[in-house]
Amino acid sequence: MRVFRGLPNAESRAPCALTIGNFDGVHRGHQALLARVREAAHARGLPVCVMTFEPHPREFFNPAGAPPRIAMLRDKLEALRTNGVDRVVVEHFNHTFASQSPDAFVKRILVDGLHARWVLIGDDFRYGAKRAGDFASLKAAGERYGFEVEQMQTIADPSGARISSSGVRAALIAGDLDAARAALGRPYAISGHVVHGLKLGRDLGFPTLNLPISHKRPALAGIFIVRVHGVEAAPLPGVASLGLRPTVDDSGRVLLEVHLLDWHGDAYGKLVRVEFLKKLRDEEKYADLETLTAAIARDVVGARAYFTALEGAQAAAEGAPGSRATGFSTSATDRIR
């Protein structure tokens, strides 16, 4: 998959099948839309192209009131790749972009910039200054410039509820990881490169992997049981803190810290993916480091119990010792007991 920051240069432009949106989370509704683009693209011999925005338009227009982010750009791009997208154009959303008329957007972006031949939009899609462009105007523009336009209706879950980024965001804010998983079609996860921190966790007896969070308001926050991919060949069990670390830091910087259960080694620079399994509690500010350390110790006990119960349940279901479904090797299982 090729990723372009802004419109491709002239040498990289080629006719494509296109869809446009924020794609925060790339949930099952997005996945259905992308499946339709793939189908149309393959039928016409075209590559699948997605245009998305950075920052989110609502962050540009109302930074203080914008919704929390579900996914960092890295994770959004990876989800698009796994859904068969060939090209992603990450358009910088700024005043110049936002002030384009609907006609200018179509001519500059869709026709001249991307050479779109087939375009799919959702039922709530609007474009151009003051969101003046809609499906009818885009359809008319397509007839004028020679590209097809199709609209896709909202995708609903089995209960009839609309699958949306707002719904995923609400589930994450509530700490309901099962609801988020159902809407996403996969466990919620955050990926990033492990960076050096203050080494405070090591001093407290609980060394951590530190992953910086690029946006200030992630939808998920608190203390979690997690599974970490990318450190070893098999995923490793752990406990994670995602938030502001109010006991030890007043900078307002968001950080994801992960303590791996009984693992020791150097993971600096590795690209890891932290899969969130269960929320243990909200983040708290403690009076001192001793109280903080005791809370972390309780979290570790809870995580060990969770993984032991999970292994036992899966082993019983499979009718054999051990569990392949957790992704832990026998040695890892032995370490967490």
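A helix crossing is called left-handed if the near helix is turned anticlockwise from the far one by less than a right angle, and right-handed if it is turned clockwise. The crossing of H7 and H8 here is left-handed, while H5 passes H6 in a right-handed crossing. Keep in mind that this is a predicted model, where local features need pLDDT of at least 70, side-chain atom pairs count only at pLDDT 80 or more, and totals for chains, interfaces and linings use all residues. Residues are numbered from 1 along each chain as its sequence is written, and side-chain values use heavy atoms, with hydrogens and water left out.

**Helices H7 and H8**

- Helix H7 (residues 165-173) and helix H8 (residues 177-184) cross at roughly 160°, and their axes come within 8 Å.
- That makes H7 and H8 roughly antiparallel (angles over 145 degrees).
- Val168, Ala171 and Leu172 of H7 meet Leu177, Ala179, Ala180, Ala183 and Leu184 of H8, where contact means heavy atoms within 4.5 Å.
- Sorted by class, the contact of H7 with H8 has eight nonpolar, no polar and no charged residues.

**Helices H5 and H6**

- Helix H5 (residues 102-113) packs on helix H6 (residues 135-145) at an angle of about 55°, with the axes 11 Å apart.
- On the H5 side, the contact is made by Asp103, Val106, Lys107, Leu110 and Val111, and on the H6 side by Leu138, Ala141, Arg144 and Tyr145.
- The contact of H5 with H6 divides into six nonpolar, no polar and three charged residues.

**What surrounds H5**

- Pro102, Phe105, Val106, Ile109, Leu110, Val111 and Gly113 of H5 are buried, meaning under 20% relative accessible area with a 1.4 Å probe, protein chains only.
- Those buried residues of H5 pack against strand E2 (16-20), strand E3 (48-54), helix H4 (95-98), strand E5 (116-122) and H6.
- After H5 comes His115, whose phi is positive, near 50°.

**Cysteines**

- The count comes to zero disulfides, a disulfide being a pair of cysteine sulfur atoms within 2.5 Å.
- Cys16 is in no disulfide, and the nearest cysteine sulfur, that of Cys49, is 4.3 Å away.
- Seen from Cys49, the closest cysteine sulfur is in Cys16, too far for a bond.
- Cys16 is buried, with a relative accessible area of 0%, and Cys49 is buried too, with 2%.

Note on methods: Axes fitted to C-alpha atoms, helices over the stretch in contact; angles between N-to-C directions. Helix = DSSP H or I, 4+ residues; strand = E, 2+ residues; numbered from the N terminus. Nonpolar A, V, L, I, M, F, W, Y, C, P; charged D, E, K, R; others polar. Buried < 20%, exposed > 50% of the residue type's maximum accessible area, 1.4 Å probe, protein only. Parallel < 35°, antiparallel > 145°, perpendicular 65-115°, else oblique.
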